[in-house]
Amino acid sequence: MENASHLSVILDLSPSQWYQSSQTSGDKHPLSLAHFLPQLFVFLNAHLASQHENTLTVFGAFPGKSSMLYSSNETYIQADADSNTFQPFKTMNSVIAQRLNEELESLPEDAEAPIALVGALTKSLCTINRRSHPSDTLNATSPNPSKLPTPRLLVISVSPDLSASYIPIMNSIFCAQKLKLSIDVCKIFGPDNVFLQQAAHLTGGSYISIDRRDSILQYLMTTFLSPPAVRRLMAVPTEDRIDLRAACFCHKQIVDIGFICSICLSIFCKPTPVCSTCRVKFPIKTLQRLKEAVNPVLPPNIPAPKLPAEAPPATPRVMPPFSMPHPGFMPAGLFTPKKMSKIPKPAPRVPPGMK
Amino acid sequence: MSKKQENPTTHALIDFLHSQTPTTLQRLYTRPSACLAIIRLLSPLERQLVMSLLWLEGPVETQSITNWITLEGRSAYEHALKSLAKLQILPNSKEQILLQASFKSGLRNGLTGSGQVASFGALVEPDNDMGTLPTEMLDNYAVERWDTILHFMVTSGTEQASARPSEGVLYLLEHSGLMSNEHGRRIITSAGFQFLLQSPHAQLWEFILSYLRMMAEREDMDMVDILGFFFMLSMTQPGQHYSTHTLSPTQLIMVSDLRDFGLVYFPSDTTTSFQPTRFATTLTSYTSSFSDHDLTIENGADLSQEFVVLETNYHVYAYTNNPLQIAVLNLFVSFKARFPNMIMGSLTRDSVKKALVNGITADQILSYLVTHAHPQMRKNNPIIPVTVQDQIRLWELERHRVKGQDGYLYKEFASMNDYEVVVQYARELGVVLWENASRRMFFADAAGRVHIRSYIERRTAL
């Protein structure tokens, strides 16, 4: 007896990004939304076809707003009869297409607002949460919890990272971990998405950046169709290089090295005297030392660290060696490097007692 | 159910499809509805294999697929390839792997909604207001039909009279070995008792499989037509009206047969449309047809499937007034008192032995009690108290203390030498079950009788 699965799809619908994706210049395989949707529908049909009890919700992330495009829980007007088509497929596809059109029509003409990916993400997490706790709702006849469908989330992304949404995305990831659901990410267009990469990595999903966008359907069917139980038997591709950088809370920029408040774990790009989140005051001494560390006076026996070529153009901050003698108390502004691999490790210094 | 227990990943119908000829299967796969239904019956790994290969045009090296299989999935993968090859979906997967062409196009059409085969049934507007049932009424109709069959089975051989199902159903019950006909009286067989304790969904499938086997014996029926119709039914929507004009003569016969099982509904033989019930539309679902929906039967009682409370002192409290459920419980519970909404009894040695004599096994009793356990019982772990579980199994073992074997006793040998020679010969045949040299007697299996006899005759002739 296998469990049914629930698939929640979040569709990134940024008009400008999709327009760029459909342009031929600089890309061998342009893909427009109009070409992508039929392939997505086939994928969604295949999900519903896999099992009678499989359920589906589709959320659209539009500029500035997010909305639900389809949910198997709701009843829609049945599509017209056609003896060549399985009726639920036709109903689902036409509902999504219609809702999508309505939403895109109603978008304001002027400047595009940032994409509401977080809104869509949290909404779908909420619906999944409600599905996994049916006994809490009004419906008193709760089915056996082992019979509930196992949830899964798929984000189809075309937009670049919004560094302002770091904290809400991280919170969504924690929420997903708690709900024991995996977040898959299908990156169709644009540069790699750091936060979504982390989301897939931390929840055990798979992040795939599509190289050949003309065969998007094959990607969807091989990688994103299988429920977790099947993935144990038949592996799906995952990224082995994951960018685990975080964004600072003060300027919302992705940083290589951050400074973390030891009380509330807020991340800052510069040492600050007072944590803006929990209002704790850091000792002056620590601050001074940290500021020195930002512009270090290197001891002679340590070679100046070479930064990798792909490091961002922002002035790199170098961490002081770990073996720096510890002060008597835990410094409030002790930082952790977020991406260790990018920083060459200083030559290990053996403490005198060990020789 | 028995097949499911042997191999939990294979659906009973898949086994039936394995026995079909390749041409039958290939003709079946031209129907998108059949492809979609079969996909649901496959195991998850088989399904994923098919889906991964579906949109590839050319063949793929088998090695490149095998690379994706994890260590844990090896045996399941081997099994999946074998099963798919038997179904003619993935023939010859030794070096290169390619979906069978008609299955590929059939499933593609099913998922995209293209093609011209019209295999999902023709929807029509209802002819008139008369004779159309809303979905809830259809559910009631289906449950009532099914209960009639089960109730007839459970009360057969007793003095109680119950409504008789139609002749077609009675014939099928006999043909499938669930009931036997003794001097015009139909008596439930031990297979029938086992059938009663299965989940409704498993019962439905067993019934349909016997129906398919019965139809397969008839020469004038085309298996593709029959299977295709079942798959079409499983892909229809409950409560909609489907036209009978597009059906073949075979399928028209099936529609009227299936009405007796509660799978479809039509008011009279003259109507040109039928409505599938939820029984039909949940055929390819893995779970029970009832569990998701709050079906209520006509007297308003809840047809809840979870109603039995079993205590460590063997007392059984069943919160039901459904005659069928009471009758089934009565197979292995001795009832003491009956109240408007519940019935009280206990499991005794005699009552369980009565069930065992009827051919029901201890495992079946326990699995029935587990599936129908009251929500309050589900808080316990294990659901059934260990003492009761063990005792039911011990009662079953009691019946196996003596094992009977047919054979012949050879005695009154004239001399010890005669005895030695004959018993030595019988030992070489491996048929000796018991021997006693001092009394010059031995007991041998019935299979060895002819040989031993002729050996003795040859010796005396010398």
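Let's start inside chain B: strand β6 (residues 264-265) and β7(B) run antiparallel and are joined by 2 bridges. This is a predicted model. Within that pairing, B:Y265 has B:Q275 of β7(B) as its bridge partner.

Strand β7(B) also pairs with β5 (residues 242-243) of chain B, again antiparallel and with 2 bridges.

| Strand of chain B | Bridges to β7(B) | A bridge pair |
|---|---|---|
| β6 (residues 264-265) | 2 bridges | B:Y265 and B:Q275 |

Now for where the chains meet. Chain B brings 46 residues to the contact and chain A brings 35 residues. Together they bury about 3,600 Å², with carbon and sulfur atoms giving 59% of that area. On the chain B side, B:R40, B:Q48 and B:W68 supply 18% of what the chain buries against chain A, more than any other three residues.

What about charged and polar links? There is 1 salt bridge between the chains: A:R232 reaches B:E72, with the closest N and O atoms 2.5 Å apart. Polar contacts link 14 residue pairs across the interface, counting residues at pLDDT 80 or more.

Helices α4 (32-41), α5 (44-54) and α8 (101-112) of chain B each supply at least two residues of the side touching chain A. The largest share, 8 residues, comes from α5(B). By class, that side of chain B has 21 nonpolar, 19 polar and 6 charged residues.

How values were computed:
Residues are numbered from 1 along each chain as its sequence is written. Chains are lettered from A and ligands numbered from 1 in the order in which they are written. This is a predicted model: local features need pLDDT of at least 70, side-chain atom pairs count only at pLDDT 80 or more; totals for chains, interfaces and linings use all residues. Side-chain values use heavy atoms; hydrogens and water are left out. Contact means heavy atoms within 4.5 Å. Buried area is the accessible area (1.4 Å probe) that two parts lose on being put together, summed over both. A salt bridge is a side-chain nitrogen of Lys or Arg within 4 Å of a carboxyl oxygen of Asp or Glu. A polar contact is a pair of N or O atoms within 3.5 Å; within protein, one must be able to donate a hydrogen and the other to accept it, and residues adjacent in sequence count only if both atoms are side-chain atoms. Helices (H or I, at least four residues) and strands (E, at least two) are DSSP runs, numbered from the N terminus. Ala, Val, Leu, Ile, Met, Phe, Trp, Tyr, Cys and Pro count as nonpolar, Asp, Glu, Lys and Arg as charged, and the others, Gly among them, as polar. Two strands pair if DSSP finds at least two bridges between them.
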